[in-house]
Amino acid sequence: LICYYLAGWPGSCHDNHIHHNSGGLVTSVDTFSQSPRYVLGDSAFEASDSMIPAFKKLNGCTLPHKCKVFNASLS
């Protein structure tokens with residue numbers, strides 16, 4: 001189900017920049033239904049009240065198993 005669509009940004013723009021400047025989606029993600037809704041994003045996004053990004057693996061570190069499971073489910 002597509003609840004929101006945004007086009008017109010050049011491909012060189014960072015996804016997180018577009019997300020923060022998308023107005024309608026950022027400010028009204030819960031208006032699409034009565035239950036809370038979230039946007040799932042890749043690890044380039046910043047976490048917020050409405051955005052749930054994948055966990056980032058830092059250089060020289062390993063992700064905990066539960067984070068790997070979440071990322072696999074997200075993908």
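Reply: The protein has three helices and two strands in this predicted model. Along the sequence these elements follow the pattern α-α-β-β-α. Of the contacts between residues at least 6 apart in sequence, 21% join residues at least 24 apart. Buried residues account for 23% of the 75 residues. The protein exposes about 5800 Å², and 57% of that area comes from carbon and sulfur atoms.

Now to the patch itself. Three residues make this nonpolar surface patch, namely Y38, L40 and I52. Its area is about 300 Å². L40 belongs to strand β1, which covers residues 39-41. L40 has a relative accessible area of 55%, and exposed means over 50%, so L40 counts as exposed.

C67 has a relative accessible area of 9%, and because buried means under 20%, C67 is buried. C61 stands at 39% relative accessibility, so C61 counts as partly exposed. A disulfide is a covalent bond between the sulfur atoms of two cysteines. With a limit of 2.5 Å between the sulfur atoms, the count in this model is zero disulfides.

To return to the part you asked about: the patch consists of Y38, L40 and I52, with L40 found in strand β1.

Definitions and conventions
Residues numbered from 1 in each chain as written. Predicted model: local features only at pLDDT ≥ 70, side-chain atom pairs only at ≥ 80, totals over all residues. Heavy atoms only, no water. Patch = residues over 30% accessible without salt bridge, like charges linked within 9 Å, V, L, I, M, F, W, Y side chains within 5 Å. Areas by Shrake-Rupley, 256 points an atom, 1.4 Å probe, with all protein chains shown as cover. Salt bridge = Lys/Arg side-chain N within 4 Å of Asp/Glu carboxyl O. Helix = DSSP H or I, 4+ residues; strand = E, 2+ residues; numbered from the N terminus. Buried < 20%, exposed > 50% of the residue type's maximum accessible area, 1.4 Å probe, protein only. Contact = heavy atoms within 4.5 Å.
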